[in-house]
Amino acid sequence: MPSSAFVGGRKGENFRFTIFTDGLFRYEWAPDGDFEDRPSAFAARRSQCTAVPDYQLVESKHALEIFTERFHLSYNKAKFSPEGLFVRVYGHLGTTWRYGESYETLGGTYRTLDGVNGRVQLEPGVTSRKGFANVDDDSMLFTRHGFIAPRKPGPDRVDAYLFCYGHDYRAAVKALYYISGPPPLLPRWALGNWWSRYYEYTADSYLALMDTFKDKRIPLSVAVIDMDWHWVRDPRVADANASGWSGYSWDTNLFPEPRKFVHELHKRNLKVTLNEHPADGIAKYEDVFAKMAEVLGHDTSQGKPIPFNCTDVDFLTAYFRIALGHIEDDGLDFWWTDWQQGTHSALPGVDPLWVLNHFHFRHNARLQESRPKYDRSHPMVFSRYAGPGSHRYPIGFSGDTITSWESLAFQPEFTATASNIGYGWWSNDIGGHMGGRRDDELTARWVQLGVLSPVMRLHSTKNRWVTKEPWKLPTGSGQGPQDVVIKFMRLRHRLLPYLHTMNRRAAELCEPLVQPMYWAYPEREEAYGVPNQYYFGSQMLVAPITARQNRDTKTGKVKAWLPPGTWVDFFTGVVYDGNRSIWLSRTLDNMPVLMRQGAIVPLDADRHGSNGAANPQGFEIVAVVGADGHFDILEEDESFQGAADKAPWVQTSISFDQRRGILSIGPNRSGALAYSRTWSVRLLGVRNHDGISASIGGVSMSSVSTESVENGTVVNLGRIAPGDTAIVYLGPNRQLAVNDSESLIFPILYDAQVGIQLKEKIDEIITPKDVPASIRVTQAAALEMDQDLRHILNEFFLADSRS
């Protein structure tokens, strides 16, 4: 076993390698022999990676080789070159990484989508089909006192990392977290619905808007006020020759009593954030100008603004304590930092965005510690992506996208691919920000994506013709855009128990909420062919519809790849055979969300939801029979008063034994919530509820309430005390129901804008019983019809091979 992770770096040597794991090493070239040991924005945790992995070093006077379980490095001890430094990754011997040459990765993410209509070329990630991925670390450094520093001067310096994990993409990202630091735990309330709009609200109009959401039973958890909270169009702004973009004083014409306004939002169980564009500094009309000037020794005689200088520790200290602090005294929960002015600062190589993200996060942690014990939260920022390592500062604001189908079509891939660089908490402008045209179908599909995304934040630009209030959309017998948006926003809050458990999983097990399909199936070509499809946590597969629906069939479609196994649609209960590609078609009220046999998803039992993100008073457990399953619901004890990271967690286990047909719930472990809660179980794809029984606390229930619903069967258990276990007996080896293709096709065919004669001919195909699906497909193939209608018929004829 080697005694040191370092190879080279000795006196007289200009190279140094650091072996962190069997698949990750750092390589440096220092012309002066002075190597860099300070932490960087990218590799902030590097000095804590003290474990020495097992590797073999073979060294001579003019060459060295390093062998691990994953790679073989060869180096000629000269200045780095493609010929002198190269690496082969085991299992991927067809390709060799050579220093200085460019190689494609599976992509990472992108700094901003401002003004983007459709796709962008993503920056590299740490996963690659070639088996290796390189990251050049040119990010800023941190001093031993915790402030920022530039890189050492001089040409030809090299500081880079090579990830050599083959197709073990999940391990590559975990190695990134190892040297950079893990993603922090988000506050639970960040996972609910956010309202945001660039608009000149008043305190009264904003509160009235929030009350309308409540009256219509559309839950929210975060209230965002864009830049018009501060002075923008006031004469004093023009008098100071300021742009109005930066601001640190409430516009008291709009918000005459700021503290009362924030308090009223808090009374509505909403967290509050304000937008800040800090680049213009502190203008003379700001409430804090005189105090800032005094602390910083700024000459006020000319009325010049105090320049924004994030590389000056004195300015940065005053910025947080005074400029932001006096607003936070009004009760603000966190800032939306909107830096749009590029990557340059007074120090070479120091990106202001990195500085803002890092110190805003630390500042918010201190802010939370200063709050009353009953009102503390996990620290959080809301800002833009600064580069690899930015996952330590969630949540990310992806920028002002163009409102178009092209933008929607890229957003699922954009969000999923970000996990390849460990960036798991993107917040996109759901519904699009600006431009485009009004398209209510587009809005509905975008909200569906937003609900099944890391963060669900509605947003739009300052334009009287652009808005996202759900009630301003048309209704339509449950399938209109308004109905769809409200249904899905309520679903978002119902998903909070699942989302917060996945939040804990992301922070502790380094598993991003959204993961590309090829993480789980790296050797399946089909997994790379569905970039918009992703795993949403450990139990759900999502294939968003991102294109206009067919006007004749009134359905949208997406080409999906279902991995091996049997899958059930979350909304409809339709059963699908896996291990194939398939067109999935849905009316506007649904989207393809699938669960595999054995999957378990906990929902809040409240079908409408309420503001905030409190632990639920009841649960609905969604389960798919056909295989064993297990899920641990993880909740923070809300009664705890103290630092958020010290709050005890409560674990409630849900298990399903397929052979015995037993689903068990509880009891609570690792703490206790001192109240009973209602429980029900939704069995997706189970149509026959005969023989189902249950017991609670070892006592059999005299009668169990069961009901048939569109997607399966619901078993109502009533209240369960914290220390009790509930058991639902389904009967040995309970199976999913066989799809009824006629009942699935009929409502779509009925609404389809196609000829009556064609409908009659299709009816003759779908109505007879006991006809093999292959025969039905052959009969339908002989008919002339719209291709999308044919996709629908084939989907339901062939979804389940048992039918």
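The side chains of E276 and H360 are joined by a polar contact of 2.7 Å, and a second polar contact, of 3.3 Å, joins the side chains of E276 and T337. A polar contact here is a pair of N or O atoms within 3.5 Å; within protein, one must be able to donate a hydrogen and the other to accept it, and residues adjacent in sequence count only if both atoms are side-chain atoms. The model is predicted: local features need pLDDT of at least 70, side-chain atom pairs count only at pLDDT 80 or more, and totals for chains, interfaces and linings use all residues. Residues are numbered from 1 along each chain as its sequence is written, and side-chain values use heavy atoms, with hydrogens and water left out.

E276 belongs to strand 15 (residues 271–276). Helices (H or I, at least four residues) and strands (E, at least two) are DSSP runs, numbered from the N terminus. E276 is buried but has no salt bridge, and R384, the nearest side chain of opposite charge, is 11 Å away. Buried means under 20% relative accessible area, exposed over 50%, and partly exposed in between (1.4 Å probe, protein chains only). A salt bridge is a side-chain nitrogen of Lys or Arg within 4 Å of a carboxyl oxygen of Asp or Glu. In assigning charge, Lys and Arg count as positive and Asp and Glu as negative, while His and the chain ends are not counted.

Next come the aromatic rings. The structure holds 55 aromatic pairs. One of them is W250 with F261, edge-to-face at 6.3 Å centre to centre and 80 degrees between the planes. W250 is in the loop between helix 3 (235–239) and helix 4 (258–267), and F261 is in helix 4, 11 residues apart. Both residues, W250 and F261, are buried. Rings of Phe, Tyr and Trp (its six-membered ring) pair if their centres lie within 6.5 Å; planes under 30 degrees apart count as stacked, over 60 as edge-to-face and the rest as tilted. Ring pairs also link a cluster that includes F15, F17, W29 and Y99.

The charged end of R98 sits over the ring of F86, 4.7 Å from its centre, and R504 lies over the face of W649, at 4.4 Å from the ring centre. The criterion is NZ of Lys or CZ of Arg within 6 Å of the ring centre and within 35 degrees of the ring normal.
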